[in-house]
Amino acid sequence: MEQREKREGWHSGLGFILAAAGSAIGLGNIWRFPYITGQHGGGAFVLIYLLCVALIGLPVMLCEIALGRHTGRNPVGAFRRLNPDSCRLAHLFGAGMTLCGLLALFMRSWGWGGLFILIGVLIFKYRWTLVGVMGVVAGFVILSFYSVVAGWTIGYVFKAATGQLAFETVDVAKESFGAFITHPGWAILCHFLFMALCVAVVCRGIQGGIEKVSKVLMPLLFMILLALIVRGLTLPGAMAGVRYYLSPNFKLITPQCILVAVGLAFFSLSLGMGAMITYGSYVAKEQNLFKSAMAIVGLDVLVAFLAGLAIFPAVFALGFQPDQGSGLAFQALPAVFHHMPLGAAWAFLFFLLLLVAALTSGISLLEVVTAYWVDERRWSRRKATLVFGGCIFALGCLCAVSVANWNHIKPVEQALATLFGGVKDSFFVTMETMADWMLALGGLLIALFVGWVWGVRRAVDEIRQGSDNFADVHLWSVMAGLKDDPSHNSDMHVFTLASLWGVFVRFICPVAIVIAFLNTIGWLELKGPEAKPAAVEQVADEPVADESASAIRNESHESM
Ligand code: TRP
């Protein structure tokens, strides 16, 4: 059934793994993970994060890669190819959406009402293909703000190189950072430079562009990271930072934490919008998908973990406060580096690290959009990257000038406010929030599609190619040391990696995502067992505790 047209693919399996790991490893790992971990109980949060990654991230990652390789298409093409002619589940969603829309209209919320009804009707017409469309749209949305933040790292690399990051205190650094990101000229210039880099790479295609760049940048990333860790750990007093980062404080673990971990896992692994479908579509049939997924997830987690190890010891050794929340990277660290011998050089390396990580992620986001226009609309790669890189740049400009407020783009604010009745803090935050929703929804729909519509059986048939062990080795027998026992080779033994995966994809992942999703949109506010007085009592002995409660609330607003 597979009539593949000639399509470019990865040159090697390692190339794919590095590129996909490059997509996963980004600002999410080096910037968000360390400070979120610091706020949510250190080692205990790391444990929960690892569980989320293993139980939800890995299965969904495998779904995406299998979908991609099976269809050899971008997300829209992939879903279009596997879209059933009629699907009760899709009709259910369509009806639900339309109903919500009518309800919203009834409540005179014209923007929401119209939007929901439109989506409802589109679901009836296109069914699952819409999930792919949402992925491409999410590519636009995410890259528009991601590129702005990545642009700041370009600015900071430049500043470090020219010795402009010599801040005595965090407050000075904070002020300078604020002035930098709210200066429209600088913000847009840096954002432009980052988009130009992404376009230049994606333009050159899979092997000559993305794979080549990843093969150079990923080892570079590891080297810089290791250098920073060695430097941090050898400073006198570094162990206090290690303790802060890694000693589990179970008092800070709340249900809220678990949901934060789920969200972070999705964003950090690049799941939920078809980035891995797209990268998977260039993978050869001989490649072992299960092992690849394990490697990608493993590298992603490793880098997140190492980033914390590079940051906290240095912060503590130099006597700074680690409770900066999202300001840690751009505000606290420059001041920390300034007080080290050869500080400017270390600052330069750190921001280069952030830039490298962000670049390979930005590339993957642009590739999703590009692949759609190349596969489905038969555009040339060059034209697609230039045109849509340009569009994303334009959308990003709105983000760049509205990091803190809407002052520069009042008409946009007004238009959105009339349609949707009230807007968020800034366009930047609006895009970010939209991305959160789309990823959670996308991840849920991808798991449901593979589990219930395309079917685990067909997915396993795809994954099995290049990985015999996935469906044919009985885990009980392996675990019991009876792998080669003849009595254990009958079909009676059905506990395999494949069956385990199937259960996760059909039940565990969707349920977990729905819970996280309801929390994201605020319909389900899980409260932790921590009563207020307990939190106060922790403050005395734990520097972590006081920040945590308020930081959790603020985080969604200033995390990016
Ligand atoms: N995973 C990247 C990070 O950690 C960001 C990213 C790249 C992404 N591509 C994505 C997130 C696709 C969601 C979907 O920074």
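Visitor: To begin with, how many Å is an oxygen atom of the ligand from an N or O atom in the side chain of Asn29?

Guide: Happy to show you around, and please keep in mind that this is a predicted model. The separation you ask about is 3.3 Å, running from a ligand oxygen to an N or O atom in the Asn29 side chain. Tyr146 also reaches the ligand through its side chain, where an N or O atom is 2.6 Å from a ligand oxygen. With Gly28 the backbone takes part instead: one of its N or O atoms lies 2.9 Å from an oxygen atom of the ligand. As for cover, the ligand on its own has 360 Å² of accessible area, and the protein covers 100% of it. Its place is the largest cavity.

Now let us look at the surroundings. The ligand has 17 residues around it, and those that come nearest are Ala24, Gly28, Tyr146, Phe267 and Ser270. Sorted by class, this shell holds 9 nonpolar and 8 polar residues, with no charged ones. Several helices contribute to the shell, each with at least two residues: helix H1 (13-24), helix H2 (27-39), helix H7 (129-161), helix H12 (255-268) and helix H16 (343-377).

One last stop takes in the whole structure, where a search finds 38 aromatic pairs. Among them is the stacked pair of Phe177 and Phe330, with 5.0 Å from centre to centre and 15° between the planes. Phe177 belongs to helix H8 (residues 170-181) and Phe330 to helix H15 (residues 328-338), so this pair ties together parts that are 153 residues apart in sequence.

Conventions: Residues numbered from 1 in each chain as written. Predicted model: local features only at pLDDT ≥ 70, side-chain atom pairs only at ≥ 80, totals over all residues. Heavy atoms only, no water. Near = heavy atom within 4 Å. Polar contact = N/O pair within 3.5 Å; in protein donor to acceptor, adjacent residues only side chain to side chain. Areas by Shrake-Rupley, 256 points an atom, 1.4 Å probe, with all protein chains shown as cover. 1 Å grid on protein atoms, 1.4 Å probe; cavity = no way out; pocket = protein on both sides within 12 Å on 5 of 7 lines; lining within 4 Å. Sits in = over half its atoms within 2 Å of the grid points. Helix = DSSP H or I, 4+ residues; strand = E, 2+ residues; numbered from the N terminus. Nonpolar A, V, L, I, M, F, W, Y, C, P; charged D, E, K, R; others polar. Phe/Tyr/Trp six-rings, centres within 6.5 Å; stacked < 30°, edge-to-face > 60°.
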